[in-house]
Amino acid sequence: MKKSALQKARAAYQPKLPIVLTGAVKVVEGRPTESVADQEAIRKLFPNTYGLPEIRFEKNPTPGAGKPVNVGVILSGGQAPGGHNVISGLFDGIKKIHRDSRLFGFLMGPGGLVDHKYIELTAPIIDEYRNTGGFDIIGSGRTKLEKKEQFDKGLEILRELGITAVVIIGGDDSNTNAAVLAEYYKAINAGVQVIGCPKTIDGDLKNDLIETSFGFDTATKVYSEVIGNIQRDCNSAKKYWHFIKLMGRSASHIALECALQTQPNVCIISEEVEEKNMSLNDIVNYIAGIVTARAAEGNNFGTVLIPEGLIEFIPEFKRLISALNELLGAHKDEVAKMNTEELTAFILNNLDKQNIEALNSLPESVARQLMLDRDPHGNVQVSLIETEKLLSELVGQALAKSDAFKAANGKFSSLHHFFGYEGRCADPSNFDADYCYSLGYNAAALINGGVTGYMSSIRNLVNPAVQWIAGGIPITMMMNMERRNAEDKPVIQKALVRLDGKPFQKFAAKRDEWALNTCYIYPGPIQYFGAADVCDQPSMTLKYEHTNK
């Protein structure tokens with residue numbers, strides 16, 4: 001395989017570890033835990049893995065001899081920068097336990113476990129992928145592990161290969177699957193541990209002990225570089241408004257982080273839209289007001305950042321989406337047999353007047369996407385909805401009717417962008433390279449500690465890597481019950497942007513200034529070599545959340 005100059009240089013990078021993981025460790029148990037909500041319901045569903053204690057690792061002055069362990073690893077869900085380093089850290093960690101330990105990668109996600117498709121990951125393979133982006137070492141997939149037949153089928157290959165631990169690298173849904181798998185294998189005494197690692201660029205898998213999900217740092221730096229480039233072009237040409245949609249599924253963490261890094265004229269935060277009960281017209285009028293104010297100063301250009309999941313937070317559409325989810329989930333067998341015309345008629349005949357009005361207020365293409373396009377979990381595929389074009393079109397219509405805009409001799413020309421896949425497989429930043437390697441190495445320590453149903457946790461992340469705190473938290477601790485496909489399901493609770501949190505407060509204090517003035521920052525590309533303040537900094541979100549600065 002031919003490599004670029006950067007790939008060759010990055011292959012030599014040695015990720016930094018928390019000092020506690022550089023030698024033998026011992027498990028120190030903390031307080032027993034409970035789920036973030038719906039405690040009784042979660043306890044009943046996870047009787048064998050509920051209420052486990054937090055775990056922290058400390059140096060072990062009297063380590064015993066390690067035993068060989070065979071481990072399976074799965075990459076689940078969408079890609080995130082640093083996944084290869086999690087696997088590299090896991091490989092090095094189990095080899096440190098015993099040189100005869102072996103690592104098997106299941107191909108194309110959880111489906112590889114069920115279908116018995118795997119490869120053994122040896123040192124030459126691992127060395128090809130250190131500090132690289134992507135999930136191509138074994139591929140990823142979105143098969144949900146939720147049925148007994150799947151668990152039993154997977155157990156066949158685990159026993160055949162002598163695998164006694166499985167590490168699932170994924171987001172909230174994937175780690176929910178890990179919790180369910182851990183509970184089942186514990187209940188039947190299968191002798192298989194299950195450990196999760198927190199992956200998602202969306203930034204919505206976090207809590208007090210999972211400070212950030214891996215990939216968020218790199219992805220937001222990639223997007224911020226491109227936003228900065230657009231803003232430089234915008235400030236040069238002085239004639240376009242750029243509407244930029246940013247990946248992030250539901251939560252607005254990516255949009256907020258990119259706003260903090262680049263200082264755009266407008267950034268919509270979905271959680272604030274919901275909190276303030278803002279309608280689509282309210283959002284349009286807010287943007288149009290800023291366009292008009294800038295036009296009055298002779299600035300007929302600007303940038304607007306839009307979170308991917310915005311439409312789900314606008315009250316009239318949130319009600320509509322909830323009604324659609326319930327309707328389609330309750331009749332999924334019937335719906336599966338309908339053609340497009342039959343399904344459309346079925347939906348319109350079963351929605352109330354208020355929801356039909358909301359549906360009719362949208363362009364036909366968007367309305368069709370809400371009704372017809374669903375992901376495997378039954379959710380609206382918000383990434384397919386061109387919210388950036390919808391908003392720019394409606395803003396243009398509002399400005400055409402605006403006397404104030406005409407009086408300012410304003411001009412409005414819009415361009416559209418969607419940044420998502422561009423950041424998911426980038427080479428990880430130094431922060432993500434270190435963090436991911438530590439997560440994998442720490443997962444090996446959890447396996448050696450004999451626990452199951454835990455997520456690898458590395459904390460104290462705003463400090464140098466040697467000061468990071470290593471340990472694990474029970475996955476059930478993060479769970480609550482949510483409505484999915486017209487059924488109540490246990491899932492890891494998504495962490496949305498907190499409007500009382502420091503990152504949003506920092507943004508809110510500055511956005512009026514950024515709106516009227518041209519305060520753009522141009523972050524430039526990720527730097528891998530050089531001073532620590534240029535190369536090793538975590539995201540601004542993480543800094544604001546965990547420091548007083």
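Four strands make up an open sheet here, in the order β9-β10-β8-β11 and with parallel pairing. Two of them, β9 (266-267) and β11 (414-419), sit at the edges with a single partner strand each, so one side of each has no neighbour in the sheet. Keep in mind that this is a predicted model.

Let's look inside the sheet. β8 and β10 pair in the parallel sense, and six bridges join them. Take Trp241 as one example: its bridge partner in β10 is Gly302. As for the general idea, strands of a sheet pair through backbone hydrogen bonds, either parallel or antiparallel.

Helix α11 lies across β8, β9 and β10, and runs at about 145° to β8.

Here are some of the pieces with their residue ranges:

| Element | Residues |
|---|---|
| Strand β8 | residues 241-246 |
| Strand β10 | residues 302-307 |
| Helix α11 | residues 280-296 |
| Helix α12 | residues 315-330 |
| Helix α15 | residues 353-360 |

Now for the last two helices in the table. How do the axes of α12 and α15 cross? They come within 9 Å and cross at roughly 115°. Angles of 65 to 115 degrees count as roughly perpendicular, and α12 and α15 are therefore roughly perpendicular to each other. The crossing in which α12 passes α15 is left-handed.

Which residues make the contact? From α12 come Glu316, Phe317, Arg319, Leu320 and Ala323, while α15 brings Gln354, Asn355, Ala358 and Leu359. Sorted by kind, the residues of this contact of α12 with α15 are five nonpolar, two polar and two charged.

Conventions:
Residues numbered from 1 in each chain as written. Predicted model: local features only at pLDDT ≥ 70, side-chain atom pairs only at ≥ 80, totals over all residues. Heavy atoms only, no water. Pairing = 2+ DSSP bridges. Contact = heavy atoms within 4.5 Å. Axes fitted to C-alpha atoms, helices over the stretch in contact; angles between N-to-C directions. Parallel < 35°, antiparallel > 145°, perpendicular 65-115°, else oblique. Left-handed = near helix turned anticlockwise from the far one by under 90°. Nonpolar A, V, L, I, M, F, W, Y, C, P; charged D, E, K, R; others polar.
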